[in-house]
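Trainee: Could you take me through one part of this model in close detail? I would like to look at the charged side chains and how they pair.

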Amino acid sequence: MPPASPPLHARAAIPKALPHEVVRQAALERLSQVHTPCTVLLAASGYGKSTLLAQYARSTRRRVAWLTASTGDCEVQQLMQSLNRAFAGRSSVEVPAAYCASLDGFAQELVRQWGQEDLLDLIIDHAERISGLHGAFLASVVDMMPEGHRLILAGYDLHGFPLARLSAAGQVDVLTQAQLRFSPEETARYMEARDCPELAAPLQQATDGWPVGLALGVLDPGRHVDADDLLRDVLATLPPPIQVALPDLALLEEWNEASPGGLGVAMPDHWLVTVRGAGLPLTPLGRGLYRPHGLLLGLLRRQLERDPARARTRYTQAAQQAMRAGDLLSAARFAALAGDETLLEHAAARLFPTLRSNLEFALLTETTALHPGTPPLWWQEYAAIARIETGEVAAGLQDLHALQRAGQLGALGYAALSLQAARAGDLDAQLRYAEEGLNHPDAHLHPHLNLQKASALISLGRLEEGLSVTGHLVAEARRRAAPLDEANSLNYHQYALQMLRRWDEQETALERARTLFHDNGRPASALQIDTKRIDTQLLQGRLEEAEALLRQSLAQAERSQPVHLPALYQSRARLLMARGQWPEAAQALQAAQQVVERQGLHVMRPFLHFNTFDLYAAQGETALAEAHYQQGLDTATLPMFRERLTPLYTGLRAFDQGDDVAARRALTHMAESGVDRAHVLRAHLLLLALDARAGRLNPAQLEALVPALRGVDLQVLCAADQVRLRPLMARLGTQNAHFLRGMEQVPVLPQQPTFELHVGRYIECRLEGRVLKLPLAKSGELLVWLLWHGSGTLNELRSDLWDGSRDPRHHEYFRVVVRRLRALFREAAPLEVDPLPYLHGRYQLHPDLPITCNLLEAREQARNGQCRALLILRPQDLLSDVDADWAQQIRDTLSQEQVQTLGTVESTVAQQDPAQAIAVLREAVRVHHDQEAFHLSLIRVLTRWQPDQAPAAYQAYAQMLDQQFGTAPDPTLRRELQDLGLRV
């Protein structure tokens, strides 16, 4: 519970020393050495963890932010608020509310801002109170920790925090009881400071160096050390008014002179001086604030609870104070202890929706068990949902169905039943429950229920109905200016668009949804979208990008969203198959299978079995392929699967068995009705292969397929079809110029590894697809600056990167950045040159350093007539965390060059290859959906080369103006376009 006065983590205070406090020199030196991004003090109560941390905070030259975790900090929102308060006053770190929608988004923004500070430690004391549920969050902070900064955790138990993994990786330094117990020399100094040196040896032997035992032993050296007995003896020496009132403070974990007044408790003046003088164990936290030891608080709480009426009063006060502070979890716990059902339900009504939306189901289970009587119906629904999500699926469903039979189930319960039906693949039940839930008046749940309804309609093949529902949800979210609701609705909307084979519109919806999630601090919610992006990158042959995003997405899914793991593992298998790494691909599919079974994701089984069939069929493992084909048929029971998925693999199997009639029938159905672009293209190519095998390949059919295959990497698309396509390749033997010849294997020559600097919202450095961790915050900015400008003097670099600052600390920081960048390049790849030489008074990147930058490559390609890479950049989004003139100049330059490049596409490129110009402009418009110049270039080119499609592009332009700016196209502009031939 928050103390009556401002807690330490809300102030920039460093704890003050006690007069006789013994400095733990060895432990303090160990704590002062920063070799790892995390240090853990792990020991039982009474080993002086807080005291040691206070000594360190006073002695270090580094800045320190301090959070004393409360019991409420195991809830996500409360934890994020507490961490923000911990940094306040000690740094400029403050994570905006937009990033507080999820722990993943909060962690990324926290670490990003942290990296811009001078060296700073975050101390979390009582860490056992948050690590149980948020160990993965703390681990991700450690994984992303900026160079030189540190997280320090202290607690008696860090369950949930992957201490073993991080220790093995060299990321954590652990101090345990062995390092925290008093040595005989420290005990001797401690006793000498208390004028009883003769007690050193016997107490050291009796306590084995247990610090709190030594402190209590001094109080009564004639007795065996029993903490409770000794504390009672000390309490008995206090004046009666203090003795009587002290149990009322048992719920406050930090005391100051004003604490009793905040609870309406009468205490004599200077009562805290008297308590300290009696020798009770209190740790000084600075500015008159002290923390009573847990042993003392436990004893006082037991004394308080001997008077139930008094205890209820104090618990009620504590619950009310926690409510005012916004600590809803603590409020609920205290209200339950007070037996105040009204107050408990009031706190829970605000807390439960947050726990559910943050997926904190274990904590929801614990909190729903607090009700001392018969909980209300809405409470019972939350309790049932918590049981389902924590593994008690049958029991939770039984509870919900019981409420349904009694006619007492609300919209929340129907939403849960609909979701569970979807997971089980019962689409009719999913739709039925969603529609029944929509009949209830809980309007705040209607968007969620409508999404469930849309999902069921789409999966049942009622595509236009599903598209109508999602389109309405998207429009309604935009009207309400609710970007996260819009992003969630777009995610379902793109599903309908895919099923309708409107792939360009699907890609636009995906990109907007992803942008909305990231811009509003919910990068974790974009995981499903990134899964689709990976497949698109694979199809386009961008294997390194796909691999980097795949690695990042797998780590994120393992941390918080395992439901996405099967799809990601299958994408990994496709990547490995494209590289010919068949055993590794099989392992990836096996990993997907394990997750499907563990999570009960039955709807994923047909995809998994058919992909495994693909792998074994390509390797000639006929028996294994046949087994997985049959399993795929057995699990693909939904009409959607029978219509949109099964025909491809039925066609492949018939092709392999030489049944050309059955293969042609199934593949033709897939080519005409498939919804996955890769499946449709494979079907078309295999139909051509059937024609080639029959000796009647039609050149016109081959040429008709060329536009659809442009931009597709055939090696990736056809990784499993190399044998099947041999007849087609043989028939093309006389057509050496035909681009389908690219499907043949080309020997790959070894190349020197090249560093790739990718500049987007943030800066990434990659080597052979592996993301390298850049040292210190300014490293990436320095690399971009040097690549863009070529070289620079120290003054030029400091002027741009530090806004003209001449602070000596920035000079030293710059030199550290240079040293560490040199080390990074030399360790990552064998280099015989200085990667960052200082020549003739200027810093530069060595000409022999193999490093590329996507911005420079895009500019160079545009100058050579290849305009796509430059046009799909969004300059306004580049280096979004760098608010400096030099970065804005880069953004402005790229914007100007894009305008010039649009002119090149309209003239030169369109003259030479109209189809290519239109394809590039369409993609550019999808990226720059809010930029007028891109729309107009596309309209002008279409008007000239594909006039039947120009009106639709003009309507899209008009719609953009209306949605983005509330305006209509300029009448003069419209007349100009009509003069060019536009018919609108």
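**Charged pairs, one by one**

Mentor: Arg605 has a relative accessible area of 23%, so Arg605 is partly exposed. Keep in mind that this is a predicted model. The partner of Arg605 is Glu597: the two form a salt bridge, with their closest N and O atoms 2.9 Å apart. Glu597 is partly exposed too, at a relative accessible area of 40%. Other salt bridges share partners. They join Asp614, Asp656, Arg682, Asp721 and Arg724 into one network.

Why do such pairs form? Side chains of opposite charge can pair when their charged atoms come close. How many salt bridges does the model hold? The count comes to 44.

Now take Arg462. Arg462 forms a salt bridge with Glu465, and the closest N and O atoms lie 2.9 Å apart. How open are the two ends? Arg462 has 35% relative accessibility, so Arg462 counts as partly exposed. Glu465 stands at 39%, and that value also makes Glu465 partly exposed.

The side chains of Arg512 and Glu486 meet in a salt bridge, 2.7 Å from N to O. Arg512 sits in helix H27, residues 503-519, while Glu486 sits in helix H26, residues 483-499; the pair therefore ties together parts that are 26 residues apart in sequence. Are the two ends buried or exposed? Arg512 is partly exposed, with a relative accessible area of 23%. Glu486 has 4% relative accessibility, so Glu486 counts as buried. The cut-off for buried is under 20%.

Finish with Asp930. Where is Asp930? Asp930 lies in a loop, between helix H47 (914-927) and helix H48 (932-945). Its relative accessible area is 18%, so Asp930 is buried. Buried means under 20%, so 18% falls within that class. What does the side chain of Asp930 touch? It makes a polar contact with the side chain of Arg874, at 3.3 Å. Set aside the neighbours within four places in sequence, and Asp930 is in contact with Arg874, Met960, Gln964 and Phe965.

Terms used:
Residues numbered from 1 in each chain as written. Predicted model: local features only at pLDDT ≥ 70, side-chain atom pairs only at ≥ 80, totals over all residues. Heavy atoms only, no water. Salt bridge = Lys/Arg side-chain N within 4 Å of Asp/Glu carboxyl O. Buried < 20%, exposed > 50% of the residue type's maximum accessible area, 1.4 Å probe, protein only. Helix = DSSP H or I, 4+ residues; strand = E, 2+ residues; numbered from the N terminus. Polar contact = N/O pair within 3.5 Å; in protein donor to acceptor, adjacent residues only side chain to side chain. Contact = heavy atoms within 4.5 Å.
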